[in-house]
Amino acid sequence: MLTTLILVPLVGAVLIAFLPAASARSIALGVAAGTLGLGVATAVLFDVGKGMQLTEQVSWIESFGVHYALGVDGLGLLMVLLTVVITPVVMLAGWHEGDESPRSYYAWMLALEALSLAVFCATDVFLFYVVFEATLIPAYFLIGGFGKEGRGAAAMKFLMFQLAGGLVLLASVIGLYVVSAQQGAPSYLLSDLEKLDISTEAGRWLFLGFFIAFAIKAPLFPVHTWLADTTEKATPGVSVMLVCVLDKIGTFGMLRFCLGIFPEASQWATPVVVTLAVISIIYGALVAIAQDDVLRLIGLTSLSHFGFITLGIFVFSTQGSSGAILYMVNHGIGTAALFLVAGYLIRRRGTTLISQMGGLEKATPILAGMTLIAGLATLGLPGLSPFVSEFLVLLAAFDYAWWVGIAAVTGIVLAAIYVLWMYQRIFTGPGHEPVVTGDAHGHGAPSGAGTKTKTATRTEVEVEVIPDATPREILAVAPLLVALVVFGFFPQPLLDISNPYAENLLRNQVGVQDDPPQVGDVEHSYASGEGH
Amino acid sequence: MQAFGRDTWWVVGLKVLLIFLILVLLTLFNIWWERRVVARMQHRIGPNVNGPFGLLQSLADGAKLMFKEDILPKAADKVVFILAPILAVIPAFVTFSVIPFGPEVNFFGQRTPLQLTDMPMAVLFVMAIASIGIYGIVLGGWSSGSTYSLLGGLRSSAQMISYEVAMGLSLVSVFLYAGSMSTSEIVAAQDDLWFGLILIPSFVIYTISMVGETNRAPFDLPEAEGELVGGFHTEYSSIKFALFFLAEYVNMATVSALATTLFLGGWHAPFWIDEFWAGANQGYWPVLWFFGKVLFFIFGFIWLRGSLPRMRYDQFMALGWKILIPISLVWTLAVATLRVARTEGWLEGDNVPVVIGVAAVLVLALFFFGGSDKAAAAADVDAAARPGGFPTPPMPAGGAVRGAAAPLVFDSPARVSTVAGEEA
Amino acid sequence: MDYIKPTLEYAELSPLFIVFGVAIVGVVVEAFVARQRRHVVQVALASAGVVGALVATVIVGINLDEVGGGAGRGFVGAEGSIVVDGPAVYLWGLVLVAALAGVALFSERRLEAGVPAFAGQAAALPGSEGEREASTAGLAHSEVYPLVMFAVGGMMLFPASGDLLTMFVALEVLSLPLYLLCGLARRRRLLSQEAALKYFLLGAFSSGFFLYGVALVYGYAGSMDLGAIHDSVVAGTGNRVLLLLGIAMLSVGLLFKVGAVPFQAWTPDVYQGAPTAVTAFMSAATKIAAFGALLRLYYVAFGANRWDWQPMLWVVAILTMLLGAVLACVQSDVKRMLAYSAIAHTGFLLTGVLGVRAATDLTDDQVTSLQAVLFYLTTYGIASVGAFAVVTLVRDTNGEAPSFSRWTGLGKRSPVVAGVFAFFLLSMAGIPLTAGFIGKWAVFTVAMSAGAWPVVLVAIAASIISVYFYIRYIRLMFFTDPAPDQVVATVGTPSLFTSVTIGLCALVTLVLGIVPGPVLELCAQVGDFVR
Amino acid sequence: MDLYTPVLVLAALAAIFAIGSIATSAFVIGPRRYNRAKLDSYECGIEPTPQPVGGGRFPVKYYIIAMLFIVFDIEIIFLYPWAVNFDAMAVFGLVEMVLFVATVFVAYAYVWRRGGLDWD
Amino acid sequence: MTEYVVLSSILFTIGAVGVLVRRNAIVVFMCVELMLNASNLALVAFAKQHGNLEGQVAAFFVMVVAAAEVVVGLAIIMTIFRSRRSASVDDASLLKF
């Protein structure tokens with residue numbers, strides 16, 4: 001099942017690479033849709049509350065004790081679903097992004113999807129590492145091949161950061177091999193490694209390796225610098241794939257490997273990690289406020305969000321973990337929506353600078369609406385799904401330490417500022433001439449143009465020029481928005497999937513005993529209007 | 001072997017002195033003899049003034065040279081210039097230290113072989129020392145600072161090393177039979193049959209190459225007066241020149257003695273005299289036989305000089321590299337094969353035809369091999385791979401017979417045509 | 001005198017005999033076949049010989065019988081001077097594969113419009129009349145095939161030698177032809193000759209050290225036989241100073257051959273100056289052979305006093321990796337870049353060599369250092385042959401265009417070639433799903449298992465650096481557009497052999513990256529060295 | 001007494017003779033009446049052509065001859081012990097030496113065909 | 001015995017130093033040969049010391065190898081010399097970092 005899930009997009013990618021460019025997009029969409037279907041099927045086959053499921057296991061490299069082993073649990077399933085949903089949406093939304101060379105664009109896209117799926121399904125550390133690193137190649141080519149000026153450098157920066165992390169991880173994984181070899185036959189199976197008893201010393205070193213890698217992946221404060229540049233230079237669609245799917249691997253890995261294999265070390269490292277998380281939350285938010293480039297801004301908001309997620313993971317309460325898992329999904333959906341809508345705007349204005357936009361409200365009410373929903377979701381408005389997760393994380397944070405909670409809340413307040421201010425600057429206020437009646441994304445936007453046209457007085461005509469969202473665009477983003485609203489009011493299904501995993505993880509590995517969060521808590525919070 | 005290295009000091013001293021004297025006297029005698037014989041061949045009389053039959057002539061020449069002025073050309077590299085003749089002389093003498101003059105004799109009350117010393121690889125020792133002598137000539141030619149000398153030295157060194165290869169290869173079969181490289185044992189191995197008789201090809205090749213090795217006519221190209229004045233010793237005068245001369249004649253004696261030792265049974269009495277007179281191989285008689293044989297070779301040298309014209313350099317090199325070496329290699333292997341065949345008993349009864357067949361095939365193959373060589377060599381004159389060479393007219397069909405020699409035979413149309421071909 | 005008749009295992013040594021025989025026949029062909037037909041005949045002969053030797057190797061490898069309770073397979077042959085054991089046979093196979101690729105690349109005549117990449121007449125002065133004549137006449141030195149066969153023979157003998165003397169002779173037999181091959185380029189002859197000169201002088205220098213090391217070790221052990229040396233090392237008799245000095249000097253010789261710091265100086269110059277086909281061949285084959293010998297020497301002869309030489313290797317490995325990686329970043333010539341990366345890879349291989357442990361503290365189903373190094377050699381050899389082969393294709397008006405700027409935007413002009421090259425680079429960088437990754441994994445694993453974690457950390461740092469310069473080329477080829485007035489290289493159409501070679505290399509690199517199991521198993525199967 | 005001592009003695013005697021005679025003729029009994037023409041190098045009476053330092057360069061031909069000589073001398077070096085020991089090795093020795101000589105012969109034929117042996 | 005070894009080591013050192021300091025390719029090359037011959041001396045000395053022939057046989061082979069090296073080396077150096085009119089290794093400087 002899972003193998004097919006992974007193979008379908010992979011085969012699709014290869015096909016596209018060899019078929020004429022004209023048919024690339026349609027094939028890609030078809031394949032992505034098919035994958036989506038398979039993902040849903042997986043979800044249907046998955047029965048909630050049991051551990052690892054749909055497992056497959058074939059011996060791959062005996063001498064390393066490596067298996068080709070797949071399986072999904074609650075966490076994995078959610079991530080898989082997120083991936084299969086986001087990919088077609090991105091393709092639909094970023095219709096013209098790959099026009100330069102459609103074949104490579106869509107081939108790499110599908111390859112990226114396939115590898116990410118593999119990452120989320122892998123239950124063998126070696127396999128995980130392999131695909132984890134492999135995702136970088138399509139990502140690199142997507143960033144470097146499309147997007148605007150200076151993307152090459154950005155791609156380089158991205159790759160160097162990721163590979164550095166990856167190689168540190170390599171050290172730790174090899175270390176795992178050594179440890180497991182000392183205790184009999186070497187094996188990389190997650191199930192075996194969890195049973196492994198690692199000396200405190202070794203455990204902490206290995207944990208460090210894993211954590212650094214994941215911290216770079218899901219940007220955490222000191223090692224986040226690649227994020228902003230990448231999201232700025234890359235096309236919105238690619239940014240979505242990066243931020244909403246790839247970066248999840250970081251937090252995913254923290255849950256699955258850091259906590260899963262080195263619970264002791266994770267607890268030992270908690271204070272530092274939490275601090276970093278808090279810093280990321282506030283720092284990300286603050287920097288985001290200051291941004292003028294909309295893509296950059298959104299990228300930095302995710303830094304803050306990942307701070308939340310990490311926080312939720314490392315406070316060691318089922319509430320926190322489950323919340324974090326939920327958060328990963330919601331952030332995926334919300335930020336994706338934001339990026340894509342921003343993409344629409346950019347195509348229309350031909351620039352990514354907020355200062356070049358403005359006053360679009362009247363011209364493009366639908367876009368404005370979509371932006372608003374997505375934005376509000378991002379700042380965690382009650383009634384939209386991110387709120388639930390954010391709230392759970394907050395509760396957990398307050399349980400962990402009051403100052404952490406306060407810091408987190410500050411982060412939310414700042415979030416409110418940057419979202420609303422951005423909205424205001426883009427949609428309300430005086431408008432500007434379209435710098436470029438944008439066709440191909442990116443390459444336009446000479447930065448000087450903005451300052452030149454700043455003083456130009458707005459006239460009705462020009463605003464009329466700007467078309468509102470086309471049906472395709474609406475169709476693309478709609479599912480995300482719907483999901484935001486729906487899960488905002490009925491988060492239970494998601495919780496049902498995430499809770500058992502969180503419980504199991506904390507009970508069996510970390511050894512924390514507490515009861516999983518229920519919708520009740522959230523309802524209660526609605527009632528008492530707590531939060532904001 | 002175990003007879004050696006046990007002499008007392010004075011015996012050694014005496015032997016050394018004797019060898020030295022013998023060599024010097026032999027040289028003087030050889031020079032005189034050569035001049036007499038050549039003179040006789042040319043219907044002249046030759047030296048006959050000094051001493052009986054002019055025997056002291058060469059001594060007089062030596063003395064005269066002693067009193068001549070010793071010139072150091074200013075273009076010369078002084079040290080090397082003086083060192084060269086010394087370097088040429090010493091090896092010439094040293095090589096004689098392993099030549100057996102005779103069996104163990106009563107030497108002033110001491111039983112000792114008539115041989116200064118011997119070693120397991122005596123012959124190799126001889127060749128090694130002899131090739132040190134080449135340095136003398138090369139350095140002499142180089143240090144003179146004159147073009148003639150330089151070319152002469154180069155030529156002589158080139159020809160010496162070329163013929164040393166052939167010489168060395170021809171010796172292999174001797175060792176094969178003797179099973180040793182010590183001169184005394186080789187001589188001992190020949191007391192019933194001389195290797196010169198059973199290994200005729202080796203013998204011939206050795207004799208040819210020994211002439212080349214000593215720069216004697218018809219191979220005396222280093223001192224080809226026509227082209228090089230005096231060759232490597234153009235610039236040498238007085239005693240230095242005499243030393244080179246001495247070295248050359250001593251070398252002649254050495255190679256002859258080596259030939260005697262290796263091929264003519266050393267000090268063994270010739271013509272199976274010992275069959276009816278056992279005493280022939282005891283006491284000091286063998287010395288007589290030995291020197292008889294040596295002088296026979298020396299006479300050969302003189303005879304060659306008196307009768308043969310000097311070869312052209314390319315012919316000379318071709319002879320060394322393209323004829324002597326391959327022949328001696330093949331011969332060596334043939335000898336080895338035969339020997340194995342005898343010990344393994346391949347030659348008994350019904351195997352013989354097979355062996356003959358194989359041999360025939362081999363010979364034929366060899367023939368074709370060589371043939372293809374020559375044809376191709378002719379065809380390959382364009383020779384892209386001939387670095388540094390400058391174009392030369394092809395050899396006339398008449399081979400060595402060319403130029404002035406050709407008109408002598410104008411009665412033969414074939415020749416005429418070739419001559420025409422040559423002039424065309 | 002008592003004399004034992006020596007015997008030779010002709011059947012088991014047949015690969016060596018075939019290779020040397022073909023080489024000699026090649027010389028005969030040079031002598032007697034008309035110039036026009038030589039090239040074809042030589043190519044046919046050489047490839048036939050290599051293939052034959054390969055077949056023979058496989059047969060020999062299959063028929064090796066176990067010794068020492070399955071610890072190793074094989075036997076000590078030729079009166080102790082040649083050891084035919086698992087590793088040796090495996091390395092034979094590797095060298096022969098590299099040789100096959102080499103011959104294929106040598107035979108390339110399409111890129112140069114009908115003439116090979118070798119000098120028309122090496123003796124003619126560059127730019128002289130003779131040279132012009134030679135090249136207009138379409139001459140070319142077909143001696144390269146006999147030469148390469150001799151080199152291959154030496155390379156096969158090198159890791160299989162059972163005593164130091166054979167090792168030395170093999171070292172020279174493999175080196176001398178390479179010196180000449182380096183000097184035979186048709187274009188840029190001064191560079192090529194200079195490369196030959198440097199390679200020769202330094203090579204002779206290092207082999208002098210090697211020889212003196214041989215003498216000293218012989219003085220210590222009283223024998224040249226590796227097994228005997230091991231025994232006397234174990235016994236601890238003799239003068240240890242001799243032993244240590246000897247090891248040091250032997251190491252100088254070998255480390256030079258593998259191009260490790262501080263003996264790496266020749267690598268970039270020679271790799272750049274030599275004809276690229278030759279570079280491709282020797283970058284792979286020489287490393288394989290030399291590392292084989294290195295392993296045999298260190299494991300068999302000096303395995304008992306590991307603690308004497310391991311520290312030295314630690315330092316050497318660290319320096320090699322760092323220097324190779326750092327200097328590769330600043331190269332503006334693709335061949336030099338690959339050369340420095342080769343140095344870095346030498347460092348990684350040495351890391352693997354460090355992973356040697358006594359058989360006792362090694363659980364049976366664990367990766368052995370030997371296995372790891374053999375696998376790494378396989379992957380690196382193939383990738384490097386492929387990479388250099390691609391370099392031969394990228395040309396401008398005056399022959400190959402190895403300079404950095406020429407490669408700008410190659411991916412746009414000919415995506416396939418650029419893509420393949422990028423793939424090789426990724427493999428060298430050790431990106432997953434390529435063979436290089438598994439290789440790196442293996443050597444790092446064994447090194448860390450042996451407790452050499454500092455070296456592994458440095459190695460990882462070095463790989464991060466090396467990723468940079470590999471990616472730099474990928475970026476140059478795919479994401480950089482040439483300036484309007486910039487001269488850029490294009491991809492020539494190669495002959496079938498060349499393209500097949502490149503394709504196979506790429507394929508193998510991919511396959512080994514995805515299913516390395518079988519080959520790794522094979523490397524494990526070859527077992528340990530036989531004493 | 002060692003096998004080689006007599007050799008040294010003989011060599012010493014020869015050396016004394018050579019050096020002694022040179023010394024006597026040069027410094028004792030030989031006349032010394034130099035003039036410039038005498039000290040010129042002899043070129044049949046014409047003005048001597050100035051020599052390049054170190055005797056100038058030898059034609060490449062001589063190098064080739066020298067290399068060939070090395071090759072064959074080495075071969076001889078191997079042939080001698082083989083010959084001395086031949087009877088012990090019998091067939092094996094024969095086969096090996098045939099192989100060896102054949103190898104050398106191949107090189108020899110190559111040189112021959114490439115004009116290495118033609119003296120032009 | 002030790003004297004020979006010491007002598008050989010001295011010769012070797014001279015050769016090595018010569019390679020490093022001399023500039024003329026031919027001289028460098030001769031220094032290399034000196035190193036080889038120093039090794040030969042050591043080999044023979046050790047052979048005598050250990051009373052077995054391996055060392056001497058080795059010396060034989062080393063001679064062969066040295067000869068081969070001479071041939072190859074002279075060929076290369078001659079080519080460079082003819083194309084450069086100079087045998088100085090300093091002039092061989094086209095290949096630079």
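Helix α11 of chain A (residues 236-246) is mostly covered, with 11 of its 11 residues buried. A residue is called buried if 20 or more other C-beta atoms lie within 10 Å of its own, exposed if 12 or fewer, and partly exposed in between, with C-beta atoms placed from the backbone. Among the buried residues of α11(A) are P236(A), M241(A) and L246(A). Helices (H or I, at least four residues) and strands (E, at least two) are DSSP runs, numbered from the N terminus.

The model is predicted: local features need pLDDT of at least 70, side-chain atom pairs count only at pLDDT 80 or more, and totals for chains, interfaces and linings use all residues. Residues are numbered from 1 along each chain as its sequence is written, while chains are lettered from A and ligands numbered from 1 in the order in which they are written.

Chain A also holds a hairpin of β1(A) and β2(A), with four residues between the strands. There, G65(A) takes a positive phi near 65°. Strand β1(A) (residues 53-61) pairs with β2(A) in the antiparallel sense over six bridges; pairing requires that DSSP finds at least two bridges between two strands. Q53(A) stands opposite V72(A) of β2(A). Five of the seven residues of β2(A) (residues 66-72) are buried, so this strand is largely enclosed by the rest of the structure.

In chain C, three strands form an open sheet in the order β5-β4-β6, with antiparallel pairing. β5(C) (399-400) and β6(C) (490-491) are the edge strands, each pairing on one side only. Two bridges join β4(C) (residues 394-396) to β5(C). R395(C) has E400(C) as its bridge partner in β5(C). Helix α14(C) (residues 369-393) packs on the sheet and touches β4, β5 and β6 of chain C. Its direction makes about 25° with that of β4(C); axes are lines fitted to C-alpha atoms, for helices over the stretch in contact, and angles run from 0 to 180 degrees between N-to-C directions.

Chain C meets chain E through 35 residues, in contact with 37 residues of chain E. Contact means that the C-beta atoms of two residues, placed from the backbone, lie within 7 Å. On the chain C side, α6 (164-182), α7 (189-221) and α10 (266-273) each give two or more residues. α7(C) gives the most, with 18 residues.

Confidence was examined in chain B. Its pLDDT, the predictor's confidence in each residue from 0 to 100, averages 78, and 82% of the residues score at least 70. Over residues 370-389 of chain B the pLDDT is below 50. Where pLDDT is low, the predicted coordinates should not be read in detail.
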